[in-house]
Number of protein chains: 2
Amino acid sequence: MYEMHFAVPMAGAVLNTINIRLDPKNIATILRHSEAKIFFVDYEFVPKAKEALRLLMEEKNQTEQYSSLPLVIVIDDINSPTGIRLGELEYEQMVRHGNPNYIPEEIQDEWSPIALNYTSGTTSEPKGVVYSHRGAYLSTLSLILGWEMGSEPVYLWTLPMFHCNGWTFTWGIAARGGTNICIRNTAASDIYRAINLYNVTHMCCAPIIFNIILGAKASEKREIKTPVNILTGGAPPPASLLEEIESIGFHVTHAYGLTEATGPALVCEWQKQWNVLPKREQSMLKARQGVSVLTLADVDVKNLKTMESVVRDGETMGEIVLKGSGIMMGYFKDNEATAKAFGDGWFRTGDVGVIHKDGYLEIKDRSKDVIISGGENISSVEVENVLYMHPKILEAAVVAMPHPKWGESPCAFVSLKKNDAKKSDFFTVTEDEIIGHCRKNLPHFMVPKKVVFMEELPKNGNNKIQKFELRVKAKSFVENKNKKTNNQVNQNNHQILAMSRL
Amino acid sequence: MYEMHFAVPMAGAVLNTINIRLDPKNIATILRHSEAKIFFVDYEFVPKAKEALRLLMEEKNQTEQYSSLPLVIVIDDINSPTGIRLGELEYEQMVRHGNPNYIPEEIQDEWSPIALNYTSGTTSEPKGVVYSHRGAYLSTLSLILGWEMGSEPVYLWTLPMFHCNGWTFTWGIAARGGTNICIRNTAASDIYRAINLYNVTHMCCAPIIFNIILGAKASEKREIKTPVNILTGGAPPPASLLEEIESIGFHVTHAYGLTEATGPALVCEWQKQWNVLPKREQSMLKARQGVSVLTLADVDVKNLKTMESVVRDGETMGEIVLKGSGIMMGYFKDNEATAKAFGDGWFRTGDVGVIHKDGYLEIKDRSKDVIISGGENISSVEVENVLYMHPKILEAAVVAMPHPKWGESPCAFVSLKKNDAKKSDFFTVTEDEIIGHCRKNLPHFMVPKKVVFMEELPKNGNNKIQKFELRVKAKSFVENKNKKTNNQVNQNNHQILAMSRL
């Protein structure tokens, strides 16, 4: 896939990377929508690809809308070939038959598309985000700069390349003359081994990977000889998690972005004067989303009713809006969604945030995740941050639960950390204990009315917690309320969890 | 001038910085040609500016071609005002009357001009090089990247800001949230004091500044606590000079550029694998001009007769040609010169070089400085490099001298280092000794036929050695040949030099 990031644009074509965690139906949808001409498949995913192609063929026979199936090329393992095929062609063999004197297509228009990336689409059909050569190029430069990546980095691929083209580092590592370290699984042992063996200097990942690294068994750990720079995003890293991961040899830079912005659009640029602050305060500063990358034309937080910029007081919330070449050209074959995404020339992120006095942005929530309780806006992220401060909580997500009096009230879903010291694998904790913890750290109206324990929170292919699913669950609890008390439901949930662990 | 780099473009105007070392006549020529509307003058240069305006007025009265004189604003010393004025307006007073709510002009077309920089013009009228917003922006990003400049640099201005807008670091230091340290004179004591006092991390300069730093008296030196990164260009730094400056706490990156390329267009990107090589070999590698900055579309070395790329063998010479957004839009009001500078869409640098096997470019000479002796091309730079290896030589320049048999032959002009150990200020050395040194290190046909000793080589406002003047001198020696032998001329020169030192 790394080679494709160069070969496909150099052939004058558009690169459409596909999330390997999608199911065959999703993949068939993407292939149909993108009208891909060639389908490169890693040998490991041949069964999935085969099924996707079968679905496509079936659909073709029914509707006759899809004119032809893509040419399939399987990429076998170069070191220990498996012989797995799907059709005739194998990648390395094809490369060997290529013309080494081929002159790459010259890009006549820098606004022509280079890549098509389908968003994960939690609630709806996936949307195809189109990047221009210009946008991808400028974003690549911005991210090298924003991360202060020097030349000859050694980059570990834990962030998938199909995720906004690896936040542009597919191109960025080449621009910096770097080395790419690829691993098939983001297991703790593989991550530690790669870091130790190749002296990894950089990696990108969602904060979820911090948990994987921190949860490594003693036997899986290896020495980290020099600090590994982590660029994280996708979710604001809880302060406690930041402190833990930095204490074992990682240096974290926090960025904020979305597929439509070619990956990170804001970076929490560190200021040297912050180095003298207490660790906890440093983590709070670092958890902010930060300032615009250099190639973004503009960023703002706007009251979307008046389209006026909010006051820079760190409190007044508004929607984060972006403008610049790095913002997508639009959604492929979807003018309506494209028009809706842009207002007054600004791209609407759907994220609700504030601007601090020093100009740094901080996200308070996804606009659809804001809980409105008795007329008060509750940022689900703020409640989650408090939950993460609890020493036994591994993951937390807070969503709106219907409430007869307040309209909505916060409902917390949490998973617990492993407890190596005891026989039982996981810590145990009561709902009352967690609610008590929240009462100590939050205004009363923001305290979850209910805490649900789960073994693992539901996530999509990009490791993002699926709040959509949790909202459905939270709604069902209230519908069953007549039968049981809240506490009974919790007890039941906890028991089910406990049983599944046996 | 630093503030002007932001204020002028934000006002929708074009910035035309003027070299302070030019004489009033040159300045009048520039003001007339640029049609400057406002003329900002540092108090120190009021006499020069006054004379330039007088010349302009005189001309205006004679020809009535120049419609109006520019509005003059004197910039007084903010810390200790001198009261020096040229007309009514003073800069800080004007700023205080400004509107703090002024909204900067939005740039509608990124190809619109941002800056106009007059080249030093060794032989002809100065030419006005026009930069676009796009070109300046991209070059700025490239140079931060090429130099691997992190955030919050402390930058010492030894390179003047009027020189290609400080090689774009006027904008680049702001982009990196850096601190600008400005000094009025690039004297050794001021440089050392600034480095020591502000913990300077970066500075740009021509190799001539290395001599100033290395020539500091013991009393002028200050401790250099952390390595200072130097970006150098303008002339290939001789290997011996590189070694000396790096040994005292400077880390040198070598770049190559020209006004028409918005400053540096190539950077000799260092490769970690070179760190294990012997020092001398490292210096040789670093003296190469290197690879294209990231925002340059393309660079090549071409045989200008056939317009074919030369073989990448490190030997076959051709002219260095460039292409990209960072290349000037053209010469202001000079379509003929603009057309001549571009051939086949490539900008012709006028520099003759080779490409090594590893893709790094190395300049062999300015095309007009190549000496053709008995049909052999002699790179004046190659001969100069050998001269710089001599422990007593401070500066060296080699030009063509007419020769009855060979057509041309090399003539060397050198200045000598100071000898602190002896009563006499300077080292002494004979012509024979230097010719002997060249014989040991060069093919016979490349050895200078003549060595002229000077106290200081002639330089222009940008500290570039004026080979044009030296060529005139070299020609005159041959014309006087019938009267004296070469040696006698040298003796005379040396004696004149010695006298002027008394």
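Predicted model: local features only at pLDDT ≥ 70, side-chain atom pairs only at ≥ 80, totals over all residues.
**The seven-stranded sheet of chain B**

Let's start with the seven strands that make up an open sheet in chain B, in the order β7-β6-β8-β9-β10-β11-β12 and with mixed pairing. At the edges you'll find β7 (179-182) and β12 (291-292) of chain B; each has a single partner strand, so one side of each has no neighbour in the sheet.

What about the partners of β8(B)? Strand β6 (residues 154-157) of chain B runs parallel to β8(B) and is joined to it by two bridges. Here B:Tyr155 has B:His202 as its bridge partner, while B:Leu156 stands opposite B:Met203. β8(B) also pairs in the parallel sense with strand β9 (residues 228-232) of chain B, over four bridges. In that pairing, B:Cys204 has B:Leu231 in β9(B) as its bridge partner.

Helices come into the picture too. Helix α9 (residues 207-214) of chain B lies across β8, β9 and β10 (250-258) of chain B, and runs at about 115 degrees to β8(B). Helix α10 (residues 239-247) of chain B also packs on the sheet, where it touches β9 and β10 of chain B; its direction makes about 140 degrees with that of β10(B).

**The three-stranded sheet of chain B**

Chain B has an open sheet of three strands as well, ordered β4-β5-β16 with antiparallel pairing. Its edge strands are β4 and β16 (330-331) of chain B, each pairing on one side only. Helix α5 (residues 133-146) of chain B packs on this sheet and touches β4 and β5 of chain B, with its direction at about 75 degrees to that of β5(B).

How much of strand β4 (residues 113-118) of chain B is covered? Most of it: five of its six residues are buried. β4(B) pairs with strand β5 (residues 128-132) of chain B in the antiparallel sense, over five bridges.

Now over to chain A. Two packed helices are described by the angle between their axes and the distance between the axes. Here are two such pairs:

| Helix pair | Axes come within | Crossing angle |
|---|---|---|
| α2 (residues 24-34) and α3 (residues 46-63) of chain A | 8 Å | roughly 60 degrees |
| α10 (residues 239-247) and α11 (residues 279-286) of chain A | 9 Å | roughly 110 degrees |

The angle between α2(A) and α3(A), roughly 60 degrees, makes α2(A) oblique to α3(A). α2(A) passes α3(A) in a right-handed crossing. On the α2(A) side the contact includes A:Ile27, A:Ala28 and A:Leu31, and on the α3(A) side the residues include A:Ala52, A:Leu53 and A:Leu56. By class, the contact of α2(A) with α3(A) has eight nonpolar, no polar and five charged residues.

For the other pair, roughly 110 degrees makes α10(A) roughly perpendicular to α11(A). The crossing of α10(A) and α11(A) is right-handed. A:Ala239, A:Ser240, A:Leu242, A:Glu243 and A:Glu246 in α10(A) meet A:Lys279, A:Arg280, A:Ser283, A:Met284 and A:Lys286 in α11(A). Those residues divide into three nonpolar, two polar and five charged.

**A covered helix and a buried leucine**

Helix α8 (residues 188-198) of chain A has buried residues that include A:Ala188, A:Ile191, A:Tyr192 and A:Ile195. Among the elements covering the buried residues of α8(A) are β6 (154-157), β7 (179-182) and α9 (207-214) of chain A. Just after α8(A), A:Asn199 takes a positive phi of about 50 degrees.

Last stop, back in chain B: B:Leu56 lies in helix α3 (residues 46-63) of chain B. B:Leu56 is buried, with a relative accessible area of 0%. From B:Leu56 to B:Ile75 it's 19 residues in sequence and 21 Å in space, C-alpha to C-alpha.

Note on methods
Residues numbered from 1 in each chain as written. Chains lettered and ligands numbered in written order. Heavy atoms only, no water. Buried < 20%, exposed > 50% of the residue type's maximum accessible area, 1.4 Å probe, protein only. Pairing = 2+ DSSP bridges. Axes fitted to C-alpha atoms, helices over the stretch in contact; angles between N-to-C directions. Parallel < 35°, antiparallel > 145°, perpendicular 65-115°, else oblique. Left-handed = near helix turned anticlockwise from the far one by under 90°. Contact = heavy atoms within 4.5 Å. Nonpolar A, V, L, I, M, F, W, Y, C, P; charged D, E, K, R; others polar.
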